[in-house]
Amino acid sequence: MSDALKKTVTQEDAEAAVRTLIEWAGDDPTREGLLETPKRVAKSYRELFAGYEADPREYLQRTFEEVGGYDELVVLRDIRVVSFCEHHMLPFLGRAHVGYLPSDRVVGISKLARVVNGFARRLQIQEKLTAEIAAAIQDILQPRGVGVVIVSEHSCMTMRGVNTPGSRLTTSHLLGVVRDDPRTRQEFFELVRSPD
Ligand SMILES: [Zn+2]
């Protein structure tokens, strides 16, 4: 979101909108238990949607070129994903697995988790989130290939609509040799799936 757009909505505006939604749900926003709720919700939105405040690509700028000849896949599994579907503004929660085949440089592993988190804290669909993470790693690290898999449970499906608790959505986005070389691709998926 641009700064100009954000400044048109004040904290008071956001709180008023929450009060409206409480009434829409059928409750009384002036009763004691709900009095402070709009303020808390507006504040928690700043945290839940912190992805708009930063460019996650910046986390990948600092790389290490001394890789000691390492030329195999680097895979970080089970990165916690907390995101929100743009269709219902309900959370989807799951895990991301991110891998890449370095060409001549690597990035600190915590940065991979920060990239996932940065893109996740926005409104979107899981398909787009998966592709955005892969594209950022490809563009900035320029590895020989990238693989991103996200498995998550969408509360817009599990707690409303078709009500299917336990159903999970898997998306993957592969680039470079992880996509095109059958052995690298197979190795990536084996590393993602292997038991602990
Ligand atoms: Zn949804």
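Student: Why is Y45 called partly exposed?

Tutor: Happy to start there. This is a predicted model, and in it Y45 has a relative accessible area of 36%. Buried needs a value under 20% and exposed a value over 50%, so Y45, at 36%, is partly exposed.

Student: And what makes F49 buried or exposed?

Tutor: The relative accessibility of F49 is 7%. The cut-off for buried is under 20%, so F49 counts as buried.

Student: How do you know that the pair of Y45 and F49 is stacked or edge-to-face?

Tutor: Take the distance, then the angle. The ring centres of Y45 and F49 are 5.0 Å apart, and a pair needs centres within 6.5 Å. Their planes stand at 65 degrees; because an angle over 60 counts as edge-to-face, that is the name the pair gets.

Student: Why is the pair of F49 and F84 called tilted, then?

Tutor: For F49 and F84 the centres are 4.9 Å apart and the planes make 50 degrees. Stacked would need under 30 degrees and edge-to-face over 60, so this pair is tilted. F84 is buried, as is F49. The two come from distant parts of the chain, 35 residues apart: F49 sits in the loop between helix 3 and strand 1, and F84 in strand 2. Together with Y45 and Y52, they form one aromatic cluster.

Student: Let's turn to the metal. What makes C85, H88 and C156 donors of the zinc ion?

Tutor: Their atoms SG, ND1 and SG, respectively, lie 2.2 to 2.3 Å from the zinc ion. The limit is 2.8 Å, so these atoms count as donors. Along the sequence the spacing reads C-x2-H-x67-C. H88 is in the loop between strand 2 and strand 3 while C156 is in helix 6, so the pair ties together parts 68 residues apart in sequence.

Student: Why is strand 3 described as largely enclosed?

Tutor: Eight of its eleven residues are buried, so strand 3 is largely enclosed by the rest of the structure.

Technical notes:
Residues are numbered from 1 along each chain as its sequence is written. This is a predicted model: local features need pLDDT of at least 70, side-chain atom pairs count only at pLDDT 80 or more; totals for chains, interfaces and linings use all residues. Side-chain values use heavy atoms; hydrogens and water are left out. Donors are N, O and S atoms within 2.8 Å of the metal (3.2 Å for Na, K and Ca); water is not among the atoms, so sites may look incomplete. Helices (H or I, at least four residues) and strands (E, at least two) are DSSP runs, numbered from the N terminus. Buried means under 20% relative accessible area, exposed over 50%, partly exposed in between (1.4 Å probe, protein chains only). Rings of Phe, Tyr and Trp (its six-membered ring) pair if their centres lie within 6.5 Å; planes under 30 degrees apart count as stacked, over 60 as edge-to-face and the rest as tilted.
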